[in-house]
Amino acid sequence: MELIFHEKQEGSLCAQHCLNNLFQGEYFSPVELASIAHQLDEEERMRMAEGGVTSEDYRAFLQQPSGNMDDTGFFSIQVITNGPELISDTYLALFLRKLQKEGYSVFVVKGDLPDFTPVMHSAT
């Protein structure tokens with residue numbers, strides 16, 4: 001059986017470790033996440049400027065620190081989901097069989113799951 005990738009927590013880089021564990025590999029470094037955060041900051045600045053660069057909201061926005069990262073290693077990860085989709089037992093069986101043939105491991109979690117309410121999650 002192939003091993004599950006687990007990146008051990010170092011410092012306050014929770015977002016980096018969360019993403020790398022989710023995607024099962026060393027995909028994100030602090031430098032890459034900082035670059036993404038700066039890109040998001042610039043996109044947010046441009047969106048806020050659409051309301052007018054002389055507006056009170058825009059000036060207040062410019063005075064705030066980045067909500068996407070800070071100097072401590074904090075990176076904000078925002079995930080928006082519309083919720084789970086109901087699929088048939090047949091589709092699920094075929095999909096899982098395909099994954100196994102491609103070499104993936106399939107794990108089953110049993111138990112009562114809470115009701116799903118679409119929300120925006122933020123991890124650090």
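Mentor: What follows starts with helix α2 and then moves to the pairs elsewhere. The model is predicted, and the values below are computed from it.

Helix α2 covers residues 30-49. Aspartate 41 has its place in this helix. Aspartate 41 is buried and yet has no salt bridge. The nearest side chain of opposite charge belongs to arginine 45, and the distance is 9.7 Å. A salt bridge needs the nitrogen within 4 Å of a carboxyl oxygen, so at 9.7 Å arginine 45 does not qualify as a partner for aspartate 41. Leaving aside residues up to four places away in sequence, aspartate 41 touches Ser66, Gly67 and Asn68.

Arginine 45 does have a salt bridge, with glutamate 42, at 2.5 Å from N to O. These two residues are 3 apart in helix α2, and so about one helical turn separates them. Arginine 45 is partly exposed, because its relative accessibility of 28% falls between the 20% and 50% limits. Glutamate 42, with a relative accessible area of 35%, is partly exposed too. Aspartate 41, by contrast, is buried.

In soluble globular proteins, nonpolar side chains tend to be buried together.

The whole structure has 4 salt bridges, among them the one between arginine 45 and glutamate 42. Another joins glutamate 56 to arginine 59, with the closest N and O atoms 2.7 Å apart. Both residues lie in helix α3 (residues 56-63), 3 residues apart, or about one turn of the helix. Glutamate 56 is exposed, at 55% relative accessible area, whereas arginine 59 is partly exposed, at 41%. A further salt bridge links lysine 98 and glutamate 102, at 3.2 Å from N to O. Glutamate 102 is partly exposed at 45%, and lysine 98 is partly exposed at 46%.

Then the aromatic pairs, of which the structure holds 2. Phenylalanine 23 and phenylalanine 28 have ring centres 6.3 Å apart and planes at 45°, so this pair is tilted. Phenylalanine 23 is partly exposed, with a relative accessible area of 45%, and phenylalanine 28 is partly exposed at 22%. The rings of tyrosine 91 and phenylalanine 95 have centres 6.2 Å apart and planes at 10°, so that pair is stacked. Tyrosine 91 and phenylalanine 95 both lie in helix α4 (residues 89-101), 4 residues apart, about one turn of the helix. Their relative accessible areas make both partly exposed: tyrosine 91 has 47% and phenylalanine 95 has 36%.

To return to the helix you asked about: α2 holds aspartate 41, which is buried without a salt bridge, and the salt-bridged pair of arginine 45 and glutamate 42.

Conventions. Residues are numbered from 1 along each chain as its sequence is written. This is a predicted model: local features need pLDDT of at least 70, side-chain atom pairs count only at pLDDT 80 or more; totals for chains, interfaces and linings use all residues. Side-chain values use heavy atoms; hydrogens and water are left out. Buried means under 20% relative accessible area, exposed over 50%, partly exposed in between (1.4 Å probe, protein chains only). Rings of Phe, Tyr and Trp (its six-membered ring) pair if their centres lie within 6.5 Å; planes under 30 degrees apart count as stacked, over 60 as edge-to-face and the rest as tilted. Lys and Arg count as positive and Asp and Glu as negative; His and the chain ends are not counted. Contact means heavy atoms within 4.5 Å.
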